[in-house]
Amino acid sequence: MPILSIIIDKITIFTPIIIDTMDKTLIKRLIVEYQRLPQEINFIKRDIALSNNLNYVLVGLRRSGKSYLLYQKINDLIADGHSRDEILLLNFEDERLLGIQLNDLDMILECYAEMYPHKPIVFLDELQVVAGWEIGRASCRERVWVSVGAG
């Protein structure tokens, strides 16, 4: 038997499960899980001032600190008196969100609205995973912070 055939026989092919439509129960569970995350992370506080009244898209190389800047902002908001329930943070590189589509982004806001009576402060980490994200909600009325990997 040729060596190539032996090597091929030993390879396990991983096929990810693509979710056709997001499950609302999963999304709600992730919202609660991610609301706790920023306060559990150790990070070095950076001297970067960001306005609370603007939307931001943070673009940078992998592992350059975009996610930690989001965590810092969330912790600052909580320190300023906002509740953890006001935060809507999701990381789209989470394998449980594999296969999420652009039209699922509105459903995430719907799930949040079913859980809480107030508008969220939205933090979307690694949003570049969602195809077409940049043409998404043109008239977003929430405060939005987005992290996009560029490399």
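Start at E33, which counts as partly exposed because its relative accessible area is 32%, between the 20% and 50% cut-offs. Keep in mind that this is a predicted model. E33 has a salt-bridge partner in R96, with the closest N and O atoms 2.7 Å apart. E33 sits in helix α2 and R96 in the loop between β2 and α4, so the pair ties together parts that are 63 residues apart in sequence. R96 is partly exposed too, at 31% relative accessibility.

Now zoom out for a moment. The protein chain has four helices and four strands, and along the sequence they run α-α-β-α-β-α-β-β. Of its 151 residues, 39% count as buried. If you take the contacts between residues at least 6 apart in sequence, 73% join residues at least 24 apart, and the E33–R96 pair, with its 63-residue separation, spans that kind of distance.

Back to α2, which covers residues 24-40. The buried residues in α2 are L26, I27, L30, I31, Y34, Q35 and P38. That spacing makes sense once you recall that an α-helix has 3.6 residues a turn, so residues three or four places apart point the same way. Among the elements covering these buried residues are α3 (66-79), β2 (87-91) and α4 (104-115).

What else links α2 to α4? Look at K24 in helix α2 and E114 in helix α4. Their side chains form a salt bridge, the closest N and O atoms being 2.7 Å apart, and the pair ties together parts that are 90 residues apart in sequence. K24 also meets E110 in a salt bridge, at 3.8 Å from N to O. E110 is in helix α4 as well, 86 residues away from K24. Through shared partners, salt bridges join K24, K28, E110 and E114 into one network. The count of salt bridges comes to six.

One last stop: R62, in the loop between β1 (56-60) and α3. At 47% relative accessibility, R62 counts as partly exposed. R62 and E126 are 64 residues apart in sequence, with their C-alpha atoms 9.8 Å apart in space.

Notes. Residues numbered from 1 in each chain as written. Predicted model: local features only at pLDDT ≥ 70, side-chain atom pairs only at ≥ 80, totals over all residues. Heavy atoms only, no water. Helix = DSSP H or I, 4+ residues; strand = E, 2+ residues; numbered from the N terminus. Buried < 20%, exposed > 50% of the residue type's maximum accessible area, 1.4 Å probe, protein only. Contact = heavy atoms within 4.5 Å. Expected span 1.5 Å × (residues − 1). Salt bridge = Lys/Arg side-chain N within 4 Å of Asp/Glu carboxyl O.
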